[in-house]
Amino acid sequence: MVGKFWNGFLVKQILTSIALIFMVVICIDDAFAQSETSKSLPVELEPYAAHAFPLEGWGNAVVDPQVPTLHGAPHLLGQWFGARRWLNRHGLYLNFAINEEFMGNVRGGRTRSDVLAGQVAGELDIDWQRLAHVSGLWTHMLVINGHGRNFGYNLGDSVTNPEQIYGGRGNVVAHLVAMYAEKTFLHKRIVVSAGDIPTGSFFAYDYVACSFMNVSVCSNFAPGKYVPGGRDWPSGNLGGVLRIFPAKKVYIMGGIFMVSPHAFNGGISGWALAQSGMGKVTSQVEVGWMPWFGKHSLRGNYKLGAWYDNSRYPNLYSDIHGNSFQLTGQPRRYEAGMSTAWFMFDQMLVRNGPGVAEGLVAVGGAGYSQGNIVAMRDHEWIGLVESGSPWHRRQDQIGAMFQHMDMSSTLSLQQESSRALGLPYLSNQWGPVWGVQHWENVYEAFYSTHVLRNSTTMQFDFQYLQHPGATTTFHDAAVLGIQLTANL
């Protein structure tokens, strides 16, 4: 009954939000202030407004996990002997980035091990106004090549992976992550995006959280990004997004995406866009507020959103009569629809310099998914990130974060049934299971420094995982890692 009430309530909220979107379109006035140009852009490249990306005017903010935005960020190879300036003048923004991560546990976990994983990413954004005088049209394409193993498996923790780079990229030369077009209307008051889009590059996105290596909050949160209706990086979903800016500091987004019933969107390579069985959709809505506070312009970013997937999914525990399907052998009960909701924020508390993100920034949020069909029910996190101005290294960062993850009580019933019947635990959306799952805490601290013309980031990371895998099967784990990211 509670699940049906929640689903009905969520559908009503989505419909209400969509109605609000159309009301905003009708009522929008001419006093709209256009989005500011990125403060870190080289002078010769202005005017360039990053209106095509989820967060505008953030300069060196990442566009997707591990791929720095090509606009305004330093490059290891400079201007490519003048080629970059020529490309940019013609509206072609091409970038390559390399990421390598080495991580190992110094105590606890399933095994004592270490893992090297990484990727090379290539991104091409085209401003068709510059290239062919088509006003307000952009196209985006992002491909990656990855290598390495999943450290979480060695650690015995499929619930939260300490790495950012692992799995899902396929054993292919170029795995497709995103390929979509965007068009602006009414002087950028409305932006329409359509194509193969990682949903988390728009919805439930927080670039500050990607300062941390633990992937559970980068670039959007678990559990939402690990279920078919909200899969994120490195997977895209066919669909579209409508963004409306009724005021300079407010946006409203609505999106509809196809839901893939397969383990990988677009197949293992990402290029199989016309997959079979994609007859269901997920509808996503998000409202955001991006205020500036006080004389020091303390930037904030607050968002509230939800999505509903109209597919049918098996109940984690019940058969068609409400009993354990493992015990009775009866067919599993299927639930109509899956819902997810979130609240996220980041807020600068103290400003240290002129940059849009230079200062002490608080970041946090909470996410929920429907527990009778999703293994992780809710996830909460809170952290602080400090830029390097106090120690005279503006690009450096230091941060600390706490995460708490609750597993579904329905999942626990399934696993208790497995244990009572002497059956192996069933894998779920998070992978292998080594015991009855309840909750897990993650404590993380990092220091990130810029080297080589500020084009390369070297990050040192420490994580303490309490109840790895959300079980008490293994001892708490202490993990050390180092991450190297170079923007070519």
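Within strand β12, Leu298 is the bridge partner of Phe293; helices (H or I, at least four residues) and strands (E, at least two) are DSSP runs, numbered from the N terminus. The model is a predicted one, in which local features need pLDDT of at least 70 and side-chain atom pairs count only at pLDDT 80 or more, while totals for chains, interfaces and linings use all residues. Residues are numbered from 1 along each chain as its sequence is written, and side-chain values use heavy atoms, with hydrogens and water left out.

The Phe293–Leu298 bridge belongs to the pairing of β11 (residues 292-293) with β12, which is antiparallel and has two bridges; two strands pair if DSSP finds at least two bridges between them. Four residues separate the strands in this hairpin, and Gly294 adopts a positive phi near 70 degrees there. Strand β12 also pairs with β10 (residues 280-289), again antiparallel, through eight bridges. Here Ser283 sits opposite Tyr308 of β12. With β13, strand β12 forms 14 bridges, also in the antiparallel sense, and Ala306 has Ala341 of β13 as its bridge partner. As for burial, 16 of the 22 residues of β12 are buried, so the strand is largely enclosed by the rest of the structure; buried means under 20% relative accessible area, exposed over 50%, and partly exposed in between (1.4 Å probe, protein chains only).

Next come the aromatic rings. A search of the whole structure turns up 15 aromatic pairs. Rings of Phe, Tyr and Trp (its six-membered ring) pair if their centres lie within 6.5 Å, with planes under 30 degrees apart counted as stacked, over 60 as edge-to-face and the rest as tilted. Phe221 and Trp342 make a tilted pair, because their planes are at 50 degrees, with the ring centres 6.1 Å apart. Phe221 comes from the loop between β7 (190-197) and β8 (237-247) and Trp342 from strand β13 (residues 332-351), so this pair ties together parts 121 residues apart in sequence. Phe221 is buried at 2% relative accessibility, and Trp342 is buried too, at 3%. Tyr302 and Phe345, by contrast, are stacked, with 6.1 Å from centre to centre and 15 degrees between the planes. Tyr302 lies in β12 (residues 298-319) and Phe345 in β13, so this pair bridges parts 43 residues apart in sequence. Tyr302 is partly exposed at 22% relative accessible area, whereas Phe345 counts as buried at 18%. Both rings belong to a cluster, linked by ring pairs, of Trp289, Phe293, Tyr302, Phe343 and Phe345.

Two arginines also sit over rings. Arg84 lies over the face of Trp80, 4.0 Å from the ring centre, and the charged end of Arg110 is placed over the ring of Tyr153, 4.6 Å from its centre. The criterion is NZ of Lys or CZ of Arg within 6 Å of the ring centre and within 35 degrees of the ring normal.

Then there is the nonpolar core. The largest one holds 62 residues, and those with the most contacts inside it include Phe202, Trp342 and Met376; such a core is a set of buried Ala, Val, Leu, Ile, Met, Phe, Trp, Tyr and Cys residues joined through side-chain atoms within 4.5 Å. Leaving aside residues up to four places away in sequence, Met376 touches several residues, among them Val159, Pro223, Met407 and Trp430, where contact means heavy atoms within 4.5 Å.

Finally, the whole structure has one disulfide, that is, a pair of cysteine sulfur atoms within 2.5 Å. Cys210 is joined to Cys218, at 2.0 Å from S to S. The link of Cys210 and Cys218 is right-handed, with 95 degrees about the S-S bond, and both cysteines are buried.
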